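Thanks for coming, everyone. Please look at the screen, and I'll talk you through what is there.

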Amino acid sequence: MSLTSQHPASQILTLTSLAFHNGGEIPNRYTCEDADQSPGFLWSGIPASTRSFALIADDPDAPSGTWTHWLIWNIPGDATALPTATPKLARLVNGARQGRNDFHRLGYAGPCPPPGKPHRYFFRLYALDSQLNLKPGASRRDLDPALKPHILAQAEYMGTRGSHNH
């Protein structure tokens with residue numbers, strides 16, 4: 001009897017970054033202390049019926065509650081990466097749209113934690129079964145309910161950052 005399964009292994013959406021290790025410290029260039037560029041991401045294990053991706057970055061350890069650092073959606077369904085230093089524009093060349101973060105700015109705003117213990121920054125990628133009909137500049141309050149019914153798979157990557165001001 002064969003030990004191999006008759007069913008192909010189900011693909012699991014996986015998110016990685018070359019900028020920092022999962023669970024590791026986010027380098028300066030991706031924070032408010034330096035260039036404040038978005039880190040690049042790669043993903044694999046894409047569900048067959050994916051039509052678009054959304055990525056949300058937030059900090060659940062912020063003093064005022066979860067703080068949103070990045071909202072980007074309508075990333076094309078055949079994409080497998082987001083480049084480093086994604087332009088902070090409402091609409092990107094590939095059709096992706098970016099929302100307003102909790103700093104009230106479009107696009108990515110990097111970690112900028114207050115003094116104290118390091119914060120965790122979660123980057124969550126969602127594979128969606130459709131494009132989202134949301135205007136660029138939408139807020140997290142708009143994006144969350146719009147994407148929930150369309151999620152096919154989700155992947156998560158986390159970095160940490162403490163205040164480096166002395």
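Charges to begin. The protein has 15 positive and 13 negative charges, and their mean positions are 5 Å apart. Lys and Arg count as positive, Asp and Glu as negative; His and the chain ends are left out. Each charge is placed at NZ of Lys, CZ of Arg, CG of Asp or CD of Glu.

A word on the source. This is a predicted model, where local features need pLDDT of at least 70 and side-chain atom pairs pLDDT 80 or more, while totals for chains, interfaces and linings use all residues. Numbering runs from 1 along each chain as its sequence is written, and side-chain values use heavy atoms, without hydrogens or water.

Now the fold. There are eight strands and one helix, meaning DSSP runs of E, at least two residues, or of H or I, at least four, numbered from the N terminus. The order is β-β-β-β-β-β-β-α-β.

Next, burial. Of the 166 residues, 45% are buried (under 20% relative accessible area, 1.4 Å probe, protein chains only).

Contacts: heavy atoms within 4.5 Å. Among those with a separation of 6 or more, 72% join residues 24 or more positions apart.

Where does His69 lie? In strand β4, residues 67–76. His69 counts as buried because its relative accessibility is 4%. A polar atom of the His69 side chain lies 2.7 Å from the backbone oxygen of Ala109. Beyond neighbours within four places in sequence, the contacts of His69 include Asp58, Phe103, Ala109 and Tyr121.

Methods. Buried < 20%, exposed > 50% of the residue type's maximum accessible area, 1.4 Å probe, protein only. Polar contact = N/O pair within 3.5 Å; in protein donor to acceptor, adjacent residues only side chain to side chain.
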